[in-house]
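Please consult the sequence and the structure shown below while reading.

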Amino acid sequence: GPPASAIEAMGDKIAAKATVAAAGVPVVPGSDGAGLDDEAIRAAAIETGFPVLLKPSAGGGGKGMRLVEREAGLDDAIASARREARNSFGDDTLLVERFITSPRHIEIQVMADNHGGVVHLGERECSLQRRHQKIVEEAPSPLLTPATRAEMGRQAVEAARACGYSGAGTVEFIVSGDRSDEFFFMEMNTRLQVEHPVTEMVFGVDLVEEQIRVAAGERLRLRQDDLEIHGHAVEARLYAEDPDRQFLPTGGTIVGLREAAGEGVRVDSGIAVGTVVGSDYDPMLAKVITWAPDRHRALRRLDAALAATSIAGVTTNVGFLRRLLALDAVATGDLDTELVDRVLDDITGADVPIVAIAAATLAPMVGRGASPDPWQALTGWRHGGAAGVRREFDIPVHGPTEVVATPVAGGWRVTSGGAVDRHVVIDRLDEHRWRISLDGRATTVDIWGEAPIVHVVVGGESHRLTELDGRGAGAHGEVGAADGVVRSPMPGTVISVAVEVGDIVAAGQTVAIVEAMKMEHALPAPFDGVVASITSNAGTPVVLDQPIVAIEPSEPSTESSAEPSSGSREPSEGGAR
């Protein structure tokens, strides 16, 4: 095999693949891509057979990965993958691999010293992914039998030993969901993985301490026969991203934070109130890890920990994670790397609950509404009886919504957007936590921020409500909105604008590309039309919803001739959308 330095270099997956193949570990069919130009990569992909996966050799985390299902999209995918790999890792070398449908992503943790000692610490199931990046991991896998676990562990140890590896590393495999004994080597990550806490919790080993001891020249204290799995651990990654916008990265300043705690709960976090989440780094904010004697209780404990998590000021994936964990397929362990894509429409697009609207409306009035002084009361006092207080919020999905709150015996009557009256009782528990009883059903919420922008966190999911000033101030546009303005869906940098003023564009055509957190996002034209203006050029930093290109809808032809004039095109069916 290659020298140890080749495999020990961060992300040197080409060397890893060659080494494990030489050690007899089965690998996914494909080409290592070393030194290949675009034409050679193209030929390797065709020879491998579609669908293929293009992967940067120098990095991970899903950055630069492109799934190519047919030859027609191959050239664009190669160019895009190279560009993103170069921007992310300074190296645009690509791997080409056969894409195995309905696979499970299972990895083996290894630890090796400088004296020839190598052990494995079982496996981690990492099949719950979005954009080829893990979001929920667990140990052990609900799929593997003890025999398969032992064989995969043996091969991972042989791979590490074959290249003289030292330290903590992860050998990653694709495993057939139908045949758990059929597995292929994907790559070796020559570092400690994000999901290492689940291994630590089921084995009772501090992997960081072991790395330090190995680096100091000590022999491994771990013996394979002594390593036993105890219980089950699950980890969820908390990201600053919007699942309702295809997981686009978000940004902003964290104005409120409450982290989960309790028996069997661990939180690894890098944020605090006041932290500014920008677009220069990966969007992961924290990891929530839970342990229990069995998988069912570990999943329940993780859901409770996510529900107790409160992050305000930045859109996160916490609510999405809870809905994902609630799926029957997750509960039964029937997982694969495509599961999230299949169920995405069912677990995104959650509405703002009425309890969040009631909380934002009533919280400013608690403690003052019962004042005997009518000038201090906020309850719409009038001679002869109380009147309702009217407030208007810009509510996601719904837009401007009027809320009416009227004091009644024992609480309030709240009507939102003309909906049925709800009886609400609100009690303050601490500075930011409130108990809201809605028609007798109590919910605990967190309220962060100050008017006009209030963040209400319900069950771990944060809802931003902006109180309007009567002129509709506070509403945000959407990418591809009906006004024809293509806006940036997240903070980032415009890396290219593919059109010029006066160009005729078709609905869905890419007009600009924005990069955020080392990932590219193509922005499409919302409808057939003509480019009217360009307000952000390549290299321009942009904030959320900043306009980039404005498009005017195509005008229907008024000429009687059936043959369109030179340079014109037929309008799309139904006109502008």
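## A buried histidine and its surroundings

His105 is buried, with a relative accessible area of 9%, where buried means under 20% relative accessible area, exposed over 50% and partly exposed in between (1.4 Å probe, protein chains only). The model is predicted, so local features need pLDDT of at least 70 and side-chain atom pairs count only at pLDDT 80 or more, while totals for chains, interfaces and linings use all residues. Residues are numbered from 1 along each chain as its sequence is written, and side-chain values use heavy atoms, with hydrogens and water left out.

His105 lies in strand 5 (residues 103-112); helices (H or I, at least four residues) and strands (E, at least two) are DSSP runs numbered from the N terminus. Residues up to four places away in sequence aside, His105 touches Arg124, Glu125, Cys126, Ser127, Gln129, Lys134, Glu172, Phe173, Met186 and Thr337, a contact being heavy atoms within 4.5 Å.

Beyond its neighbours within four places in sequence, Glu210 is in contact with Met111, Val205, Arg221 and Leu222.

## The chain as a whole

The protein chain has 12 helices and 36 strands. Of its 577 residues, 48% are buried. Among contacts with a separation of 6 or more, 62% join residues 24 or more positions apart.

## Nonpolar cores

A nonpolar core is a set of buried Ala, Val, Leu, Ile, Met, Phe, Trp, Tyr and Cys residues joined through side-chain atoms within 4.5 Å. The largest has 38 residues, of which Leu128, Ile135, Leu306 and Leu324 touch the most other members. Elements giving two or more residues to this core include strand 7 (133-139), strand 10 (232-239), helix 8 (295-307) and helix 9 (318-325). A second, separate core of 28 residues includes Val352, Val355, Met365 and Val414. Val355 is also among the buried residues of helix 12, a helix (residues 354-362) in which eight of nine residues are buried.

## Two helix pairs

The table gives the axis geometry of two pairs. Axes are lines fitted to C-alpha atoms, for helices over the stretch in contact, and angles run from 0 to 180 degrees between N-to-C directions.

| Pair | Axis distance | Angle |
|---|---|---|
| Helix 8 and helix 9 | within 10 Å | roughly 160 degrees |
| Helix 3 and helix 4 | 10 Å | about 120 degrees |

Helix 8 is therefore roughly antiparallel to helix 9, whereas helix 3 and helix 4 are oblique to each other. Angles under 35 degrees count as roughly parallel, over 145 as roughly antiparallel, 65 to 115 as roughly perpendicular and the rest as oblique.

Leu299, Leu302, Asp303, Leu306 and Ala307 of helix 8 meet Val318, Leu321, Arg322 and Leu325 of helix 9. By class, this contact has seven nonpolar, no polar and two charged residues; Ala, Val, Leu, Ile, Met, Phe, Trp, Tyr, Cys and Pro count as nonpolar, Asp, Glu, Lys and Arg as charged, and the others, Gly among them, as polar.

In the other pair, Asp38, Ile41, Arg42, Ala45 and Ile46 of helix 3 make the contact with Leu74, Asp75, Ile78 and Arg82 of helix 4. These residues divide into five nonpolar, no polar and four charged.
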